[in-house]
Structure formats: C-alpha cells, structure tokens
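Please keep the structure open beside the text as you read.

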Amino acid sequence: MCRARGPVAALLLCTALARVAAADEKELILSAQPGFSFLRIEGQTTWGGGGGIDLSYGVTDALAVRVTGALTAHSVGASANGPGGTALAWLAGVGVTYTLDILRVVPYVDFAIGLLGTRHRTAQGSVVENNAGVQIGLGVDYLVTRRFAVGVVVRYQASLAAISELPAWLYAGPRIAVHFGG
C-alpha cells in the first residue's frame, strides 16, 4: 500500500513502484538456480547438489513459456544392488510459468515436460536411464531492480515411467534472474 503526505506524491510513488515490478509481454528472463536436492534411486534416498538454468519468454503479463535444464550429483552408498558411488540426475524440458506480480515480490508456479535421466552404478556396471518426465515448481522472486531479481525455488521432478515412486527428485535453492527486453 502506498503512503505519502500528498495525493500527488502518493500517485507518483505508486506509479513508480508499478513500473518497477510489472511483468511484460515479450520479456526474456534468464535465471540460474544453484541448489540442494534429494534423489530416490536404487531403494535409497540420497542428498546432493547441482544447478539449473531457465530461459523464459513472456507471452502475456502473467504467462511465459520456458526452456529448462538441471543437473545434480548425489553420493549413493553401497548396497545389495550395487557398489555405490556418484549418481547423476538431469532434466531438459519445455513448459510454462504463471506469475503473480505483487509490486517487487513475484510468486510463480511452473510446469514442464521433457527428458528426465539418471546415471548410477549397479553390480552390472554403470546404468543410464532416460524417461519422459514432468517438473512442477513453486517459487518467489524479489525484484532488486527492474532487470535483476533474486529468489528461491522448489521443484519436483518425476519420471512418467515410475510416477508412483515417491520421492523421485526434489530440488530447492536460491534463484538469480536477469530480465531482458519487454
């Protein structure tokens, strides 16, 4: 809510804040998300870390299409299924993001479909699995300036081939975004 001593000052302040925060059509947003994750693999839930990157294009003020990718590494302990080691998980996909502009705070929800893969060691050697996957995310950004935002995002990825195996892959961490055009 805008509070100022005079009606003209209040109008100018509200207009300036709205211009700083408003999302635009035809705006490109490039973001990077370093983060922590956990992965369910070979009957184990293991912690790890990595990063992701998104490129979004604003179709309307609230809706954007996006290309997304993420890669994380996880330390897997030895088990009856294999010798352990490092497991990798990745996602490459396309999707949509729906944002709700609240001045400088911008909450959003996103969805993507694409290729979800893992590489891990078993008793028979290294196994690479690629499946169709889905990604569902929630996040919030804070617009530091009109062109630069920081925030946090949580994304859940699941293979369509094993959608009932929960948890599949959960990713959470900070987000840095740069806005172009618009």
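**Notes on a predicted model**

1. Strands here, like helices, are DSSP runs (helices H or I with at least four residues, strands E with at least two), numbered from the N terminus. The pairing of β5 with β6 (residues 125-143) is antiparallel and has 18 bridges; two strands are said to pair if DSSP finds at least two bridges between them. Thr 122 has Gly 125 in β6 as its bridge partner.

2. Some ground rules. This is a predicted model, in which local features need pLDDT of at least 70 and side-chain atom pairs count only at pLDDT 80 or more, while totals for chains, interfaces and linings use all residues. Residues are numbered from 1 along each chain as its sequence is written, and side-chain values use heavy atoms, with hydrogens and water left out.

3. How confident is the predictor? The average pLDDT (confidence in each residue, from 0 to 100) is 82 for the protein, and 82% of the residues score at least 70. Please read residues 7-22 with care: pLDDT stays under 50 there, and the model has 20 contacts beyond four places in sequence for this stretch. A contact means heavy atoms within 4.5 Å.

4. Now the overall plan. Of the contacts between residues at least 6 apart in sequence, 57% join residues at least 24 apart. Buried residues make up 36% of the 182 residues, where buried means under 20% relative accessible area, exposed means over 50%, and partly exposed lies in between (1.4 Å probe, protein chains only).

5. Follow the hairpins along the chain. β1 and β2 (residues 44-58) pair in the antiparallel sense over 14 bridges, with Phe 36 opposite Gly 49 in β2. Two residues lie between these strands, and Glu 42 in the turn has a positive phi of about 50 degrees. β2 then pairs with β3, also antiparallel, over eleven bridges; four residues join them in a hairpin, and Tyr 57 stands opposite Val 65 in β3.

6. Further along, β4 and β5 (residues 105-122) run antiparallel and are joined by twelve bridges. Trp 90 has Gly 117 in β5 as its bridge partner. This hairpin has five residues between its strands, and Leu 103 in the turn has a positive phi of about 55 degrees.

7. Which residues make up the largest nonpolar core? They are Leu 39, Ile 41, Ala 70, Val 76, Ala 87, Ala 89, Leu 91, Leu 116 and Trp 169, nine in all. β1 (27-41), β3 (63-76) and β4 (85-99) each supply at least two residues of this core, and the largest share, three residues, comes from β4. A second, separate core of five residues includes Ile 29, Leu 143, Ala 149 and Ala 177. Such a core is a set of buried Ala, Val, Leu, Ile, Met, Phe, Trp, Tyr and Cys residues joined through side-chain atoms within 4.5 Å.

8. Thr 99 is in strand β4, and Thr 99 counts as buried because its relative accessibility is 18%. Beyond four places in sequence, Thr 99 touches Asp 61, Ala 62, Val 106, Pro 107 and Tyr 108. Leu 55 lies in strand β2 and counts as partly exposed because its relative accessibility is 41%. With residues up to four places away in sequence left out, Leu 55 touches Leu 28, Ile 29, Leu 30, Val 65, Arg 66 and Val 67. The C-alpha atoms of Leu 55 and His 179 are separated by 10.0 Å, although these residues are 124 apart along the chain.

Technical notes
pLDDT = per-residue confidence, 0-100.
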